[in-house]
Amino acid sequence: MTTTLTPAAAADRTGVSIDTLRYYEREGLIGPIRRSPGGRREYTEEDVFWIGLVTCFREAGLGIADLRGFVAILRAEHAAQDRVAFLRERRAALERQAAALSRAMEVLDEKIAYYS
């Protein structure tokens, strides 16, 4: 028998709200989520993994459209190089963002030192 989590337990375990879980499901980023005979959502360990992956990518700045694209690549069983290409493109974008943030922090540090 597979262990399942209630929406509240899945939200607690993944650190996102129940509303976020529903939003991810509506957007096709997770799921479809299994339902109990009474119609309640039941989250599996695989669902928890996907929620964690989506959350990580969201925190890294990927938009919903990017995530939909990546999920489509995974679900359509594209070649591994398609997945890797997508991830490399996103990583390069994050590197550019990190460099821009680093430059901005340097400027702020200079201004803090100047005004101190």
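Axes here are lines fitted to C-alpha atoms, for helices over the stretch in contact, and the angles between their N-to-C directions run from 0 to 180 degrees. In this predicted model, the axes of helix 3 (residues 45–59) and helix 4 come within 10 Å and cross at roughly 140 degrees. Because only angles over 145 degrees count as roughly antiparallel, helix 3 is oblique to helix 4, and helix 3 passes helix 4 in a right-handed crossing. On the side of helix 3 the contact involves W50, L53, V54, F57 and R58, which meet I64, L67, F70, V71 and L74 in helix 4. By class, this contact of helix 3 with helix 4 comprises 9 nonpolar residues, no polar residues and 1 charged residue.

Helix 4 (residues 64–75) also packs against helix 5 (residues 80–115), at an angle of about 160 degrees and with the axes 9 Å apart, which makes helix 4 roughly antiparallel to helix 5. The crossing of helix 4 past helix 5 is left-handed. Helix 4 contributes D66, F70, I73 and L74 to the contact, and helix 5 contributes D82, R83, F86, L87 and R90; these residues divide into 5 nonpolar, no polar and 4 charged.

When its neighbours within four places in sequence are left aside, T2 is in contact with R34 and T44. Between T2 and Y115 the separation is 113 residues in sequence and 60 Å in space, C-alpha to C-alpha.

Methods:
Residues are numbered from 1 along each chain as its sequence is written. This is a predicted model: local features need pLDDT of at least 70, side-chain atom pairs count only at pLDDT 80 or more; totals for chains, interfaces and linings use all residues. Side-chain values use heavy atoms; hydrogens and water are left out. Helices (H or I, at least four residues) and strands (E, at least two) are DSSP runs, numbered from the N terminus. Angles under 35 degrees count as roughly parallel, over 145 as roughly antiparallel, 65 to 115 as roughly perpendicular and the rest as oblique. A crossing is left-handed if the near helix is turned anticlockwise from the far one by less than a right angle, and right-handed if clockwise. Contact means heavy atoms within 4.5 Å. Ala, Val, Leu, Ile, Met, Phe, Trp, Tyr, Cys and Pro count as nonpolar, Asp, Glu, Lys and Arg as charged, and the others, Gly among them, as polar.
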